Amino acid sequence: MTEHVKVVIIGSGPAGLTAAIYAARADFSPVVLEGEPSSTSDQPGGQLMLTTEIENFPGFVDGILGPELMGNFRSQAERFGARMHGAKASRVDLSGGRAAIWASDATSDEPTYTADAVIVATGARSLMLGLDNELRLVGHGVSTCATCDGFFFRGHRIAVVGGGDSALEEALFLTKFAESVTIIHRRDALRASKIMQDRAFANPKISFLWNRQVTALHEEGGSLAGVTVQDPAGGAEERHDFTGLFVAIGHAPNTDVFKGQLEMDDLGYLATQPGSTATSVRGVFAAGDVQDHIYRQAITAAGSGCQAALDVEHYLAGQEA
């Protein structure tokens, strides 16, 4: 049976749960579709569930573990009356003036929820290499965020996989901490902008492995101990004893379920109106990495979750006036 609620929040990372805290305190009793257990970054709690120590989230002098931080977000939202539903939004219909959301079973005739307002906070996922033990080593030598984890690799020999601006930004940032940074790129030329290339080539800590792709990760004691690389065209394999590997081959927003219903940019991120979290559909708002491919930080996601909840409050007040 379909349940009607005032607010449904899709996603439970920093943006979704911050929106839940604010929406619950506004007495909207929001339902949070948390997602389902997954080995990628779209599981309940978002990408921080794959992160170990977080030292740059304000308020935690000694840092905090990613899962612990997200547990605190969740408990705080529940304290004010947010309801958690451990399911993904498998289908939505945003065309009828009242949003309809199917949780998990997209084939059902009736939606699980209808809502006066929806906040989309489904985040984005890092593109990974697809190696067997890669996800197990995330937080144990493998990372997708230099800003988040670079500090922990002080004095390490680090590799960065990728050839675009993001990869070079990660590499340049990591030179603050690492003994050396090696960029592994599957081609013989970078895709990054010239200014970023000039900075990387001029940095004495940065070197390059051209025409190489990572084919295996080696671990000792549960942490990364080295990688094997090979020319994509074939040839002998080489082992390098890197103890840090940053994968910077791009991100993809979790927006598949909204295709054809919400406007997106060329990269698939949800488009929002300037100075607002409102999307192209009235009553639907977007927060966090699903609409931000620039900053992608927990604190910026949380901030936009707050904005989305306030925008919802103003929207619903206007509907009732």
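Modeller: Let me begin with a definition: a nonpolar core is a set of buried Ala, Val, Leu, Ile, Met, Phe, Trp, Tyr and Cys residues joined through side-chain atoms within 4.5 Å. Buried means under 20% relative accessible area, exposed over 50%, and partly exposed in between (1.4 Å probe, protein chains only). This is a predicted model, in which local features need pLDDT of at least 70 and side-chain atom pairs count only at pLDDT 80 or more, while totals for chains, interfaces and linings use all residues. Residues are numbered from 1 along each chain as its sequence is written, and side-chain values use heavy atoms, with hydrogens and water left out.

Colleague: Which residues of the largest nonpolar core touch the most other members?

Modeller: They are I119 and V312, in a core of 35 residues. The elements that each supply at least two residues are β1 (3–10), α1 (14–25), α2 (66–79), β8 (113–120) and α6 (298–320). The largest share, eight residues, comes from α6. Such helices (H or I, at least four residues) and strands (E, at least two) are DSSP runs, numbered from the N terminus.

Colleague: What does V312 touch, not counting residues up to four places away in sequence?

Modeller: V312 touches V7, F28, A117, I119 and F285 on that count; contact means heavy atoms within 4.5 Å. Another core, of 23 residues, lies apart from the largest one, and V8, V31, L94 and A115 are among its members.

Colleague: Why is T114 called buried?

Modeller: The relative accessible area of T114 is 14%, so T114 falls in the buried class. T114 lies in strand β8. Leaving aside neighbours within four places in sequence, T114 is in contact with T2, E3, H4, V5, R98, A99 and A100. The C-alpha atoms of T114 and V8 are separated by 8.2 Å, although the two residues are 106 apart along the chain.

Colleague: What makes H251 count as partly exposed?

Modeller: H251 has a relative accessibility of 24%, and therefore counts as partly exposed. H251 is found in strand β18 (residues 251–253). Beyond four places in sequence, its contacts are R125, S126, L127, Y269 and R296.

Colleague: How do the axes of α1 and α6 lie to each other?

Modeller: Their axes come within 7 Å and cross at roughly 35°. Axes are lines fitted to C-alpha atoms, for helices over the stretch in contact, and angles run from 0 to 180 degrees between N-to-C directions. The contact of α1 with α6 divides into 11 nonpolar residues, three polar and no charged. Here Ala, Val, Leu, Ile, Met, Phe, Trp, Tyr, Cys and Pro count as nonpolar, Asp, Glu, Lys and Arg as charged, and the others, Gly among them, as polar.

Colleague: Which residues of α4 and α5 meet?

Modeller: D165, L168, E169 and L172 in α4 meet M196, Q197, R199 and A200 in α5. That contact divides into four nonpolar residues, one polar and three charged. The axes of α4 (residues 165–174) and α5 (residues 194–202) come within 10 Å and cross at roughly 35°.

Colleague: How do you know on which side of α5 the buried residues lie?

Modeller: The buried residues of α5 are M196, Q197 and A200. They cover an arc of only 100° around the axis, so they lie on the same side of α5; the arc is that of the directions from the helix axis to the C-beta atoms. On the other side of α5, K194 and A202 are exposed. The cover over the buried residues includes α4 and β13 (206–209).
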